Amino acid sequence: RLPEIQEAILDAVTRGLLDGRRLHVAYRSREKGELIRCELNPLGLVVKGGLAYLVCTFWQYTDLRQVVLHRVHHAELLDAPAIVPEGFDLDRYIQEGEFAYPVGEPIRLEAVFHDGAHLHLQDTPLSADQVLTSLDDERVLVRATVDNTAELRWWLLGFGDFVEVLAPADLREEFRARAVAMAARYRPRPRSMMSGGRSRRGG
């Protein structure tokens, strides 16, 4: 189930973006769980993976931040105009990978794609050094140097069993562990569990 966002908060954020006005918010930090109160300058709203992120700056500072909206407990629209960093462009900010969430240094990815799952990579390669090697009529080996990000993992997982990660070894082991965990979750269940438990009859 996706986290819910209060309608009043979404309305205040939307008005702040449209009118170019600052917001006073109270949000729960993910790291410490504390309720933080501050003024922020709303710059853009991005929805990714079912979550809504407000791209913003705090107070008079210019460093760009991301606030997950479902963690916001209160949002008040202020009369003060929002401060927009010089040259800020939301599309460029996204394209530069600010939502890619790096988890390590770039890696040399090797993966086998099945049944044409690789076709879009011919027009939109993963990297400048991407190499596609046909293994047979149904399988293509893809080699490319890519950023080691959470987004890469979501993208690969989206292909399901149409992709097999070969390298690097630690990424292959990570996907093997995911596959084992999923297989365990989808193992056949007893009839009583599938029906929600034993039914009761009145009498």
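**Chat: a helix over a sheet**

User: Where does helix H1 lie?
Analyst: Helix H1 (residues 7–19) lies across strand E1 (21–28), E2, E3 and E5, running at about 25° to E5. Axes are lines fitted to C-alpha atoms, for helices over the stretch in contact (heavy atoms within 4.5 Å). Angles run from 0 to 180 degrees between N-to-C directions. Helices (H or I, at least four residues) and strands (E, at least two) are DSSP runs, numbered from the N terminus. This is a predicted model: local features need pLDDT of at least 70, side-chain atom pairs count only at pLDDT 80 or more, and totals for chains, interfaces and linings use all residues. Residues are numbered from 1 along each chain as its sequence is written, and side-chain values use heavy atoms, leaving out hydrogens and water.

User: What's the strand order in the open sheet?
Analyst: The order is E4-E3-E2-E1-E5, with antiparallel pairing. Two strands pair if DSSP finds at least two bridges between them.

User: Which strands stand at the edges?
Analyst: Strand E4 (65–68) and strand E5 (72–81). Each has a single partner strand, so one side of each lacks a neighbour in the sheet.

User: And how many bridges join E3 to E4?
Analyst: 4 bridges, with E3 (residues 51–58) and E4 running antiparallel. In one of them, Val55 has Gln66 of E4 as its bridge partner.

User: New topic. Where is Leu45, and how exposed is it?
Analyst: Leu45 sits in strand E2 (residues 35–48). Leu45 is partly exposed, with a relative accessible area of 32%. Partly exposed falls between buried (under 20%) and exposed (over 50%), using a 1.4 Å probe and protein chains only.
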